[in-house]
Amino acid sequence: MTDKELLEIADKAMENAYAPYSKFKVGAALLCSDGTVFTGCNIENASFGATNCAERTAIFKAVSEGYRDFEAIAIVSSGGGETYPCGICRQVMGEFAPKLRIILRNENGEPTEYNFMDIMPKFFSL
Ligand code: THU
């Protein structure tokens, strides 16, 4: 699975985004260590705080299916350019995957990569 392929799976997942309030669609594709991919999209709610981000949708789907070993997550959005994961999603990533590679797409359409620990050092843990 190349980073480009993972981004394309995230593109497809973004088609299911439910974002009638922000109109900002997000898709995510989470690559597990055994090669399984879980997808996610943002799911908004009239009670805005009940909204779930694409990244957490993918991670929660995976964990609920018994997967906890993750290698990479690709994130795309309708906004174009790199879409960084929000703070809550970073905290959730830290719980399960502090070694996660975060794959984004820049304005030129090229994959870019960040290590989780570089963008979320010293995340909260018990
Ligand atoms: N959103 C995500 O899906 N992931 C993020 O990391 C940041 C924000 C969604 C939430 C909301 O539906 C929309 O983007 C605008 O904030």
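Predicted model: local features only at pLDDT ≥ 70, side-chain atom pairs only at ≥ 80, totals over all residues.
One of the paired positions is leucine 31, whose bridge partner in E3 is alanine 72.

Strand E3 spans residues 70–77, and seven of its eight residues are buried, which leaves the strand mostly covered. E3 also pairs with strand E4 (residues 101–105), here in the parallel sense and over three bridges. Within this pairing, isoleucine 73 has isoleucine 102 of E4 as its bridge partner.

| Pairing | Sense | Bridges | Source |
|---|---|---|---|
| E3 with E4 | parallel | three bridges | strands E3 and E4 |

Helix H1 covers residues 3–14, twelve residues in total, and extends 16 Å from its first C-alpha to its last, close to the 16 Å expected at 1.5 Å a residue. Its residues Leu6, Leu7, Ala10, Ala13 and Met14 are buried. Viewed down the axis of H1, the buried residues lie within an arc of 110 degrees, and therefore they line one face of the helix. The face turned away from this buried side carries Lys4 and Lys12, which are exposed.

What do the buried residues of H1 pack against? They pack against five strands by name: E1, E2 (37–41), E3, E4 and E5 (111–115).

Notes
Residues numbered from 1 in each chain as written. Heavy atoms only, no water. Buried < 20%, exposed > 50% of the residue type's maximum accessible area, 1.4 Å probe, protein only. Helix = DSSP H or I, 4+ residues; strand = E, 2+ residues; numbered from the N terminus. Pairing = 2+ DSSP bridges. Expected span 1.5 Å × (residues − 1). Arc of directions from axis to C-beta. Contact = heavy atoms within 4.5 Å.
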